[in-house]
Amino acid sequence: MEIVIRSTPADVSSTVADIVEGYVRRGPATLGLATGSSPLGSYRELARRHRQQALDFSAARGFLLDEYVGLPKSHDQSYFSVIRSEFVDHVNLDPDRVLSPNGEGADIAGEGARYDAAIREAGGVDVQLLGIGTDGHIGFNEPGSSLSSRTRVKTLTEQTRLDNARFFDSVDDVPHHVLTQGLGTISEARHLVMVAYGKGKAGAIAAAVEGPLSAFCPASVMQLHPHVTVVVDEAAASKL
Ligand code: GLP
C-alpha cells in the first residue's frame, strides 16, 4: 500500500487527478466513481485538465459505488444526479456510459447481482476512487459488512444518516436504505485510490491502514489488495 501525504487539500486533489489522468490517457479506462465531498476537488481538477489540457474522456466509462434506495434518479441528491452535476457534465464522458445501481426499480433485491454482472461485462474497474466515512465505511459498507460482500441493499446507521443530513432539508428525508458495491466487489478493481482530508478522518485512516483487518473497519479490506494508493493531507495523516 502506498501512502502519499500532501500538504494541502489542493495538492491531494492534484495527486489523485494525476493518477486518474494516467489511466484516461493510456486508453479506454473504466473509472470507479465515488460521491461524498472528498473526491470533489479531484473531479474539478480533472474537469480543468479536460478544458485546458485536452484530457479526453470520450473512450472512458464509469461505475458508481452506491445509490440511495427509493430516491428518484431526478432527485438532486441521488448519486446518479450528483455525479453528473459534479463531474460528468464538466467533461466529455458519455453520461450513458456512467452506470449507477438502480435504487428505484421494482426488483431492488436483484439489482446487486445485475450491477456486479454489468461491471464484469465491462471488463472490471481500472481505478476506483474511494472516500472514507468517519467510522471507516467505504461506499455504504457500514461496520460489520462482510469483507467479501457483493453489491446489495444495506441499511444506513443512524450516524451515517445524520452525517448525510447536511445534503437534505432534514434528517427525516435521508433514505434508510441504499444499494452499495460490496467490499468484495470494490476489491476487484485493479487499483484502489483512497482520498481523505482533515482531522476528522485521521482515526479512520489510521484504522484502515495500520489497524487490524476487521469488518469493524470496512476500509481495512484495502490491506488485502495488491495495488492501493491512499492520498491524504497532513491532518488526515496525523494519526499514522
Ligand atoms: C458517504 C458515501 C461514501 C463517502 C462518505 C464520506 O457515506 N457513500 O462513499 O466516502 O460519505 O463522505 P465525505 O467524503 O463527504 O466525508
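Leu 130 stands opposite Met 194 in strand S9. Strands here are DSSP runs of E with at least two residues, helices are runs of H or I with at least four, and both are numbered from the N terminus. The model is a predicted one, where local features need pLDDT of at least 70 and side-chain atom pairs count only at pLDDT 80 or more, while totals for chains, interfaces and linings use all residues. Numbering starts from 1 along each chain as its sequence is written.

Back to that pair. S9 covers residues 192-196, and three bridges pair S9 with S6 in the parallel sense. Two strands count as paired if DSSP finds at least two bridges between them. S6 also has S2, residues 30-33, as a parallel partner, joined by two bridges. On that side, Leu 31 is opposite Val 127 of S6.

What do the side chains of S6 do? Val 127 and Leu 129 point one way, Gln 128 and Leu 130 point the other way, and all are buried. Buried is set at 20 or more other C-beta atoms within 10 Å of the residue's own, exposed at 12 or fewer, and partly exposed in between, with C-beta atoms placed from the backbone.

S6 belongs to an open sheet of seven strands, ordered S1-S10-S9-S6-S2-S3-S5, with parallel pairing. S1 (2-6) and S5 are at the edges with a single partner strand each, so one side of each has no neighbour in the sheet. The partner of S1 is S10, residues 228-233; five bridges join these parallel strands. Within that pairing, Arg 6 has Asp 233 in S10 as its bridge partner.

Next, helix H3, residues 79-86. Its buried residues are Tyr 79, Phe 80, Val 82 and Ile 83. They pack against S2, S3 (61-64), S4 and S5 (98-99).

Ser 100 sits in the loop that runs from S5 to helix H4 (108-121). Why does Ser 100 count as buried? Because 23 C-beta neighbours lie inside 10 Å. Contact means C-beta atoms, placed from the backbone, within 7 Å of each other. Residues up to four places away in sequence aside, Ser 100 touches Leu 64, Glu 67, Tyr 79 and Phe 80. Asp 89, 11 residues from Ser 100 in sequence, is 16 Å away in space, C-alpha to C-alpha.

Now the other sheet. Three strands make up an open sheet, in the order S4-S8-S7, with antiparallel pairing. S7 meets S8, residues 177-180, over four antiparallel bridges. One of the residue pairs here is Lys 154 with Val 178 in S8.

Leu 179 is also in S8, and it counts as buried because it has 27 C-beta neighbours inside 10 Å. Neighbours within four places in sequence left aside, its contacts include Asp 66, Glu 67, Pro 101, Thr 151 and Val 153. Thr 151 is 28 residues from Leu 179 in sequence and 6.8 Å from it in space, C-alpha to C-alpha.

Which positions carry an annotation? An unreviewed UniProt entry gives "active site" at Asp 66, Asp 135, His 137 and Glu 142. Those positions are in the numbering used here, feature names are shortened, and annotations may be inferred rather than shown by experiment.

His 137 lies in the loop between S6 (127-130) and S7, and Glu 142 is likewise found between S6 and S7. His 137 counts as buried because it has 26 C-beta neighbours inside 10 Å; for Glu 142, also buried, the number is 22. Beyond four places in sequence, His 137 is in contact with Glu 142, Pro 143, Thr 160 and Pro 218.

Last, the ligand. How many residues surround it? There are 13, and the closest are Gly 36, Ser 37, Ser 38, Gly 131 and Gly 133. The criterion is a C-beta atom, placed from the backbone, within 6 Å. Four residues of the shell are nonpolar, eight polar and one charged. In that division Ala, Val, Leu, Ile, Met, Phe, Trp, Tyr, Cys and Pro are nonpolar, Asp, Glu, Lys and Arg charged, and the others, Gly among them, polar.

Definitions and conventions:
Contact = placed C-beta atoms within 7 Å.
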